[in-house]
Amino acid sequence: MSLGVVILVHNALGRAEEVIRHWALSGCPVVVHVDSAMRRSRFERLRAGFDDISDRVLFCDRHRCEWGGWGMVAATQSGARLMLDSFASVEHVYLASGSCVPLRPVAELTAYLAARRDTDFIESACVADVPWTVGGLSEERFTLRFPFSWKRQRWAFDRYVALQRRLAVRRRLPEGLVPHMGSQWWCLTRATLEAILSDPQRPALDLYFARVWIPDESYFQSLARRWSTRIESRSLTMAKFDFQGKPHLFYDDHLPLLRRSECFVARKIWPRAQAIYDEMAAGGHPAGMAEPAPARIDRVFAQATERRVHGRAGLYMQSRLPNEGWENGFTAAPYGVLQGFAELFEGFEGWFARASGATVHGHLFAPEVVAFEGGGAPWRGVLSDSAALRDHDARRFLTNLIWNGRGARQVFQFGPRDSQHVSWDIAKDPNARIGVISGAWAVPLFRSGRPLAELRDTAARLQKTEADHLGALRSPYAKARIRIWTLAELLEAPAEALAQMLADIAPHHIGALPDPPPMLPLDGFGGFLQEMRNLGMHPYLTGDIPAGPAPRPRRSAPKPYLVSRPNA
């Protein structure tokens with residue numbers, strides 16, 4: 001007999017009982033620690049289940065085991081002490097939990113350790129050298145005090161940490177102690193474990209570590225460096241953690257992956273993973289004297305983390321949605337945003353759809369209703385045409401629209417009358433292809449026939465809104481492909497502007513360019529703008545349009561204001 005197992009149990013008692021019995025019947029004495037938070041009646045039932053092998057399964061004193069607290073270390077100390085005192089032939093002690101399941105025959109692990117009698121297997125890395133901590137405390141866990149429970153007393157925990165930082169508190173380390181960290185699950189030789197438990201400084205060390213943050217990842221890891229003659233800084237228990245530092249749970253469909261790792265033990269196994277527990281009961285997957293190779297499956301977990309954190313561009317899911325900047329692309333595909341064109345050209349949306357092959361919507365962010373292509377609702381993905389639902393989360397409305405419409409380029413109309421919730425989003429989105437005719441909002445006002453005195457305030461409000469939008473488009477944060485014409489510039493060469501936007505939005509569309517759509521009659525429009533000026537409202541965003549007859553289109557005109565020119 002050379003291997004003893006200390007098992008920490010706090011839930012899933014049925015599965016824990018199977019694991020304990022498997023170790024014991026495979027020739028390993030087992031000492032079990034049961035969390036003192038468990039009801040006495042449940043504990044007694046668990047202990048009574050081993051009456052037939054009570055010589056090989058012992059139960060140690062119980063402690064309250066709370067995550068991040070000293071109780072985990074105290075429980076391990078109790079179990080290890082009872083193991084060393086009760087089983088003199090044990091040469092290695094393996095620490096496991098009730099959810100740690102042997103993957104290979106226990107005899108292979110015993111033979112592996114017998115060939116390495118003086119080796120301690122414990123992950124032990126100097127805190128100053130390895131930035132392993134995810135979303136927590138690193139060196140500060142050894143220099144501050146942590147008397148409060150992180151889970152039950154979070155407010156007090158955070159406030160006390162902040163207070164200690166403000167007061168520049170720094171605890172003195174026990175003499176000769178060099179803090180190390182690593183996995184809680186280790187396999188130590190009898191000599192090393194006995195030396196740790198009998199350390200002459202143990203009262204002072206226990207008092208110090210009782211106020212260290214998560215001491216089960218540092219107590220044995222630090223003291224093993226003091227007493228071990230040979231350390232292999234690795235755990236024989238395979239445990240994988242996600243990008244937030246939380247342990248992965250293994251299910252039945254992970255079984256081929258677990259076999260490929262050739263690890264002796266895996267943690268944490270889902271209690272209902274029947275196939276994994278059945279394989280354990282059958283003796284495990286034999287691998288001879290093969291070295292455990294958890295790195296073989298690291299790539300799979302790295303890919304899973306990549307998919308969880310970054311995912312597919314423009315697709316949102318629970319692990320990414322709450323985190324700003326985790327979008328991996330705000331939208332899923334290129335799309336077009338046209339401002340002012342539909343106000344100038346008759347039947348523009350239909351013409352642009354035919355010319356580009358794109359799906360062309362109306363004003364999706366209009367205050368009255370969402371104007372989907374053809375006026376239909378709901379649209380793909382059951383997107384409602386309700387303006388109230390859209391504005392509840394306009395950013396997600398836009399990203400859902402582009403995701404659900406992928407496969408065909410999406411184009412929609414935009415303007416200062418519309419909800420401006422996504423103004424900055426489209427400006428910063430590299431997928432956006434934006435064409436703006438500034439001042440085009442004045443054309444519908446001109447054609448409305450309403451008295452100028454009634455239109456003045458409306459015109460001022462629309463111009464202010466458009467100026468803010470243009471400020472976003474011209475900002476250094478804008479990443480979209482953006483073209484801006486004043487209304488006066490566009491009236492000089494409308495066909496050229498249409499061709500440029502078609503090239504931006506549908507660069508690969510094959511087909512003859514149809515004749516441009518007819519422009520709405522604008523006779524008297526210059527006089528309308530002059531009357532606006534006379535009323536004190538200067539429509540400067542339209543450009544310089546004379547008060548005489550409407551300008552006649554020319555063959556060439558000044559180039560548009562091109563804000564950014566990323567690849568199409």
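Me: How much space lies in the second largest pocket?

Reply: Please note that this is a predicted model. Rolling a probe the size of a water molecule over the atoms shows where empty space is left. Here, the second largest pocket holds about 280 Å³ of space.

Me: Which residues lie nearest the centre of that pocket, and which elements give two or more residues to its lining?

Reply: The lining of the second largest pocket consists of 17 residues, and Glu343, His363, Arg417, Trp441 and Pro444 lie nearest the centre. Helix H18 (442-448) and helix H19 (452-473) are the elements that give two or more residues to this lining. H19 gives the most, with 3 residues. By class, the lining has 8 nonpolar, 5 polar and 4 charged residues.

Me: What is the strand order in the open sheet of 3 strands?

Reply: Strands of a sheet pair through backbone hydrogen bonds, either parallel or antiparallel. In this open sheet the order is S5-S12-S11, and the pairing is mixed. Strand S5 (101-102) and strand S11 (237-239) are the edge strands, each pairing on one side only. Between S5 and strand S12 (residues 265-267) there are 2 bridges, in the antiparallel sense. Val101 stands opposite Ala266 in S12.

Me: Which residues of helix H9 are buried, and what do they pack against?

Reply: An α-helix has 3.6 residues a turn, so residues three or four places apart point the same way. In helix H9 (residues 219-227), the buried residues are Tyr219, Phe220, Gln221, Ser222, Leu223 and Ala224. The buried residues of H9 pack against several elements, among them helix H3 (71-86), helix H7 (190-197) and helix H8 (202-209). Their partners also include strand S8 (180-181), strand S9 (187-189) and strand S10 (231-232).

Me: How many aromatic pairs does the structure hold?

Reply: There are 33 aromatic pairs. One of these is formed by Tyr208 and Phe209, with 5.2 Å centre to centre and 80° between the planes, an edge-to-face arrangement. Tyr208 counts as buried, at 4% relative accessibility, and Phe209 is buried as well, with a relative accessible area of 0%.

Me: Why is the pair of Phe372 and Trp379 stacked?

Reply: Planes under 30 degrees apart count as stacked. The planes of Phe372 and Trp379 lie at 10°, with ring centres 5.9 Å apart, so the pair is stacked. Phe372 is buried at 3% relative accessibility, and Trp379 is buried at 11%. Ring pairs link Phe372 and Trp379 into a cluster with Tyr335, Phe365, Phe397, Phe412 and Phe414.

Conventions: Residues are numbered from 1 along each chain as its sequence is written. This is a predicted model: local features need pLDDT of at least 70, side-chain atom pairs count only at pLDDT 80 or more; totals for chains, interfaces and linings use all residues. Side-chain values use heavy atoms; hydrogens and water are left out. On a 1 Å grid over the protein atoms alone, a cavity is a set of points where a 1.4 Å probe fits but cannot get out, and a pocket is an open set with protein on both sides within 12 Å along at least five of seven lines; lining residues have an atom within 4 Å of a point. Grid points are joined across faces, edges and corners, and a volume is the space filled by probe spheres set on the points. Helices (H or I, at least four residues) and strands (E, at least two) are DSSP runs, numbered from the N terminus. Ala, Val, Leu, Ile, Met, Phe, Trp, Tyr, Cys and Pro count as nonpolar, Asp, Glu, Lys and Arg as charged, and the others, Gly among them, as polar. Two strands pair if DSSP finds at least two bridges between them. Buried means under 20% relative accessible area, exposed over 50%, partly exposed in between (1.4 Å probe, protein chains only). Contact means heavy atoms within 4.5 Å. Rings of Phe, Tyr and Trp (its six-membered ring) pair if their centres lie within 6.5 Å; planes under 30 degrees apart count as stacked, over 60 as edge-to-face and the rest as tilted.
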